[in-house]
Amino acid sequence: MASSFEQMRANVGKLLRGIDRYNPENLATLERYVETQAKENAYDLEANLAVLKLYQFNPAYFQTTVTSQILLKALTNLPHTDFTLCKCMIDQTHQQEERPIRQILYLGNLLETCHFQAFWSSLEENRELIDGITGFEDSVRKFICHVVGITYQNIERRLLAEMLGDPLDTQVKLWMSKYGWTENEDGQIFIFNQEESIKPKNIVEKIDFESVSSIMATSQ
C-alpha cells in the first residue's frame with residue numbers, strides 16, 4: 001500500500017507539469033505536501049521550490065510556517081545546495097522580520113560553516129522550530145559525519161560527541177558503526193587515512209612544433 005507521501009507525490013507531479021505549475025489555486029495542495037514531507041521524513045525539492053515561487057508571485061499568500069518547514073527540509077539534504085536555493089527565493093523582508101525564518105537561516109549558516117557545537121547549542125534554545133520535522137537531527141548528524149569523514153584522519157571521541165550534539169556520548173558508537181570508524185585505547189577514533197586516498201598522477205603535456213610556431217607568430 002502506497003504511503004500518503006507517495007500518493008501526494010504522484011498528484012503533485014501532475015500539478016507541476018505545464019502552465020498549472022504556478023497557479024495559486026494549487027498552493028493549498030502543495031502546502032499540505034510540504035507538511036507530509038516533514039511528518040514522513042520524505043523530501044521533494046522541486047515541489048518546495050514551486051511553493052516558494054508561488055509566494056514570490058503572490059505575496060499575500062505567504063506562510064511563515066510552511067516556509068520554515070521548507071528551509072528545515074533543505075537543511076536535511078546538506079551538503080547539497082538546496083538550502084541556498086530556497087533562501088534565495090525568500091524575500092529579504094521575511095528573512096529579517098519573521099523570527100522563525102531568521103533563526104533557521106542562522107542555524108543553516110552555522111551548519112554550512114561547520115560550527116557544529118554552536119549549532120546544537122542554538123537548536124537547544126529553539127527546539128520548537130523542529131517540532132513535526134521527523135528525522136531532522138539524524139539527517140544533520142549524517143551531514144556532520146560526512147564532513148568529519150573528509151576532514152579528519154583521527155578525532156577524539158569527546159570532540160566527535162560534541163560535534164554530533166551528543167555530549168552524554170549515547171549515540172557516538174552507533175554512528176561509528178554506521179561509518180566503519182574504530183576507536184583505540186586512548187579514546188582516539190580512526191576515521192580515514194587521507195594519505196591513502198591521494199593518488200599522484202603524472203601529467204605529460206605534448207606540444208608539437210606547429211603549435212609553438214603559431215603561438216610565437218601571434219606574440220610578435
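Helix 2 (residues 27-40) packs against helix 4 at an angle of about 45 degrees, and their axes are 10 Å apart. That angle makes helix 2 oblique to helix 4, where angles under 35 degrees count as roughly parallel, over 145 as roughly antiparallel, 65 to 115 as roughly perpendicular and the rest as oblique. Axes here are lines fitted to C-alpha atoms, for helices over the stretch in contact, and angles run from 0 to 180 degrees between N-to-C directions. The crossing of helix 2 and helix 4 is left-handed, a term used if the near helix is turned anticlockwise from the far one by less than a right angle, with right-handed used if clockwise. On helix 2 the contact (heavy atoms within 4.5 Å) is made by E31, V34, E35, Q37 and A38, and on helix 4 by V66, Q69, I70 and K73. These residues divide into four nonpolar, two polar and three charged; Ala, Val, Leu, Ile, Met, Phe, Trp, Tyr, Cys and Pro count as nonpolar, Asp, Glu, Lys and Arg as charged, and the others, Gly among them, as polar.

The model is predicted, so local features need pLDDT of at least 70 and side-chain atom pairs count only at pLDDT 80 or more, whereas totals for chains, interfaces and linings use all residues. Residues are numbered from 1 along each chain as its sequence is written, and side-chain values use heavy atoms, with hydrogens and water left out.

The chain has 13 helices and three strands, taken as DSSP runs numbered from the N terminus (helices H or I, at least four residues; strands E, at least two).

| Helix pair | Angle between axes | Axis distance |
|---|---|---|
| Helix 2 and helix 4 | about 45 degrees | 10 Å |
| Helix 1 and helix 2 | about 150 degrees | 10 Å |
| Helix 4 and helix 7 | roughly 10 degrees | within 9 Å |

Helix 1 (residues 4-15) and helix 2 pack at about 150 degrees, and helix 1 passes helix 2 in a left-handed crossing. Their contact is made by S4, F5, M8, R9, V12 and L15 of helix 1, together with T29, L30, R32, Y33, T36, Q37 and E40 of helix 2. By class, this contact of helix 1 with helix 2 has six nonpolar, four polar and three charged residues.

The axes of helix 4 (residues 64-75) and helix 7 (residues 99-112) cross at roughly 10 degrees, which makes helix 4 roughly parallel to helix 7. Helix 4 contributes T64, T67, S68, L71, L72 and L75 to the contact, and helix 7 contributes P100, I101, I104, L105, G108 and L111. The contact of helix 4 with helix 7 has eight nonpolar, four polar and no charged residues.

Helix 7 also holds Q103, which counts as buried at 16% relative accessibility; buried means under 20% relative accessible area, exposed over 50% and partly exposed in between (1.4 Å probe, protein chains only). Leaving aside neighbours within four places in sequence, Q103 is in contact with S122, N126 and L129. S122 lies in helix 8 (residues 116-125) and, at 8% relative accessibility, counts as buried. Not counting residues up to four places away in sequence, S122 touches Q103, Y106, L107 and L110.

The three strands form an open sheet in the order 1-3-2, with antiparallel pairing, where two strands pair if DSSP finds at least two bridges between them. Strand 1 (154-156) and strand 2 (182-183) stand at the edges, each with a single partner strand, so one side of each has no neighbour in the sheet.
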